[in-house]
Amino acid sequence: MVSSKAVSSNAASSKAIVSEAAASTMACATTATSIVKTVCPFCGVGCGINLKVDARGNLVGVEPQQSHPISRGKLCEKGWSTAYAIRPDNRITEPLKRIKDRFYPISWDQALSEISEAIRDIQAESGNDAMGVISSARATNEDNYAAQKFARAVLNTNNIDHCARICHSPTVAGLKQTLGSGAMTNSTKDIFETELIVVIGADPTENHSVLGGQIFDARQRGAKLVVIDPRVTRLAKVADIHLQLKPGSNIALINAMLHVIIEQKLCDTSFIHQRCEGFEGLAASVETITPESVENSTGVSARQIRAVAELYGQAKTAMILYGMGITQFVSGTQNVIALSNLALVCGQIGRPGTGINPLRGQNNVQGACDMGCLPNVYPGYQAVTDATAQRKFAQGWGQPIALQPGLTSLGMTKATLAGAFRGLIIFGEDPVVTDPDQNHVRAAMKKMDLLVVAELTMTETARLADYILPAASFAEKEGTFTNCERRVQHIAPALLPPGIAMGDWQWLKALAEKLGSQALSWSCSEAVFDEMASLTPSYQGMSYSHLQQTHGLQWPCNQSAPEGTAILHQTTFPIGKARLIPVHQIAVDEPPDDQYPLILTTNRLHFHYGCGSMTRKSPLLERETPAGLLFINPKDARNLLIHRYSPVGVRSRRGYIETRAMITDDVPPGLVAMPYHFREAPSNQLTNTAQDPVTKMPELKACAVSVEPLPPGQEPKDIDRLLEEP
């Protein structure tokens, strides 16, 4: 064991690194008033919250910002429980080093020295591309900008990715092709300005609760609501029409709607002529895809398909909101293109109350993408293969940079198992819980020569690390978040980081210096932001002072739009004319069969978020859903002799978990659903790694499973016990 004297010495020797890194944060925190305005750290809605801090510097309460333009004085249960997510108990407060199967505290200096030495050894033996970085959709824009610059300018590799890979990478790829920009086209306030809301493959009342509540309000005020989802969600229960399609049949359904709209001449011909290309090819591709021809494949009646097509085609304003029920398929990019075709053909782009609007899952997943935390683009979606962009960033950063696209997060896992990738730096992500095929991911993490994880608490991924670094939470640092409507909002520190924890860009800067690089030599968060904005066209008109004068600014914000842009594509598209691209139905990779007769889909729950590392610290949230669940239809439950809350085993070709059954008509016969928040019963033991060929998005929304009741009196075993069994 390391003695307490040694620990004290380690803490003392860390002061030189921590003091400079924390100086700006500490200065802000010591002068903070009792109310600090900031942004909720959970989903992509970006609600405004106030943190209430007492005279001793303790967080004592959370309240909504009454005047906030998005949340409008409301918070969901997760937002109200923010204080629990960052409370000091069980926080990691100093660097930890693995020695055999235990972690021991060490100083920042020792941790960064040893990590830098290991990086040098790996790169000397295996090349720069044997290392990589996974950044975080929960971290600030500044942290994410630093992460991709560290990868590209310090490690000299484009191996940089984050969790958008497994949520909305098809959005970026699909809308980039059709519109020229892969982001929400409109603003959330347009929910109150539209005639028709179409929610497809999303469950806003669970995942984006404040936004879900606003959809309810808009429905009560007279807006029509259509929900397209295999499950009977809360919104589906109040919708004018619910299309309960089979998982993975999105393209067949949308193409049949297009057939009706074109056949009945409900297109916006003027918009198509002036602003689109490819209409003739699209019309020809759907000519034979009648609603009747897709009834069996979609599970939706021709009558319902025609009704929704006519409703959308005749609406003056119609707004599409979609989520991972569109993107998390092997057809993810094609699904997004299909939705874009639908909106463009009806001219539902570029006006208030219209648009195609992806709902981003994490608080800063839009920002992490904007910052270039992807292996194929620099900040602002400037391609790493583009010679002009290469020169721009090499000149801006004052050094040569890697020229070839890097590995995705799943690509790093695969390369590790193949022996071609050896070291990974991760912060704010828990891929062992959130990535598909958990056994595959865990094996890769264990095989790495160097795994560095920066975290608030001990996650499943952190347990496998060689070094764990103590991270500062959103309430303990300054920076910015970008929400799903492209709104960049400033966050201010309300608390001091616990122990000797620090912000991610700060320890990345210190590590870069250990590696002999001054590429990250910023003095404060604002300096990071200013450099990023100077190199990112859509952010060039932004500054901290400008953001603080408002409730944030929506990009693009530049000389042409100094106050930001609420609606994209009002008069033109970045690619000139929008592209209508024919797409065709692609079957799910793993249909049910005799051995695995049910389809499993994943879902999220109202009271939890992500891997659960933040929300499960709240006793208020945990008591609502204290354990993992399998949602199953009564018909399937009867056939399998399963009763309510029965312990069950669930098996796929990749793994096995045990949990309890929740019997509900909210899922149709043949479909079961599991949330992924619970480490005891992780659905990603089961999910499929089959990928969308364009973005490498895994098919998390559909895989074949079998379900069986456990013997009477046998309690479900958590995953740790199951993995220990022979």
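## Lys-237 and its salt bridge

At 53% relative accessibility, Lys-237 counts as exposed (exposed is over 50% relative accessible area, buried under 20%, partly exposed in between, with a 1.4 Å probe and protein chains only). Its salt-bridge partner is Asp-666, with the closest N and O atoms 3.3 Å apart; a salt bridge here is a side-chain nitrogen of Lys or Arg within 4 Å of a carboxyl oxygen of Asp or Glu. Lys-237 sits in helix H9 (residues 234–238) and Asp-666 in the loop between strand E26 (656–663) and strand E27 (671–675), so this pair ties together parts that are 429 residues apart in sequence. Asp-666 is partly exposed, at 26% relative accessibility.

A word on the source: this is a predicted model, where local features need pLDDT of at least 70 and side-chain atom pairs count only at pLDDT 80 or more, while totals for chains, interfaces and linings use all residues. Residues are numbered from 1 along each chain as its sequence is written, and side-chain values use heavy atoms, with hydrogens and water left out.

## Other salt bridges

There are 28 salt bridges in the structure. One of them joins Glu-455 to Arg-138, at 3.8 Å between the closest N and O atoms. With Glu-455 in strand E17 and Arg-138 in the loop between strand E6 (131–134) and H5, the pair ties together parts that are 317 residues apart in sequence. Glu-455 is buried at 5% relative accessibility, and Arg-138 is buried too, at 17%.

Then there's Asp-190 with Lys-189, bridged at 3.7 Å, N to O. Asp-190 is buried, with a relative accessible area of 0%, whereas Lys-189 is partly exposed at 37%. Shared partners also link Glu-590, Asp-593, Arg-653 and Arg-654 into one salt-bridge network.

## The seven-stranded sheet

Helices (H or I, at least four residues) and strands (E, at least two) are DSSP runs, numbered from the N terminus. Seven strands make up an open, mixed sheet, in the order E5-E4-E18-E17-E16-E6-E7; two strands pair if DSSP finds at least two bridges between them. Strands E5 (102–105) and E7 (160–161) are the edges, each pairing on one side only. E5 runs antiparallel to strand E4 (residues 96–99) over four bridges, and Arg-98 stands opposite Phe-103 in E5.

H19 lies across E6, E7 and E16, at about 145 degrees to E6, with axes fitted to C-alpha atoms (for helices over the stretch in contact) and angles running from 0 to 180 degrees between N-to-C directions. Helix H22 (residues 504–514) touches E16, E17 and strand E18 (467–470), its direction making about 150 degrees with that of E16. Contact means heavy atoms within 4.5 Å.

## Helix H21

Which residues of H21 (residues 438–447) are buried? They are Gln-438, Val-441, Arg-442, Ala-444 and Met-445. Down the helix axis they fall within an arc of 160 degrees, so they line one face of H21 (the arc is that of the directions from the helix axis to the C-beta atoms). They pack against helix H19 (409–417), strand E16 (423–427), helix H20 (431–434), strand E17 (450–455) and helix H27 (719–724).

## Nonpolar cores

A nonpolar core is a set of buried Ala, Val, Leu, Ile, Met, Phe, Trp, Tyr and Cys residues joined through side-chain atoms within 4.5 Å. The largest has 61 residues, and those touching the most other members include Phe-150, Ile-425 and Trp-507. Helix H5 (residues 141–154) gives the most to this core, with seven residues.
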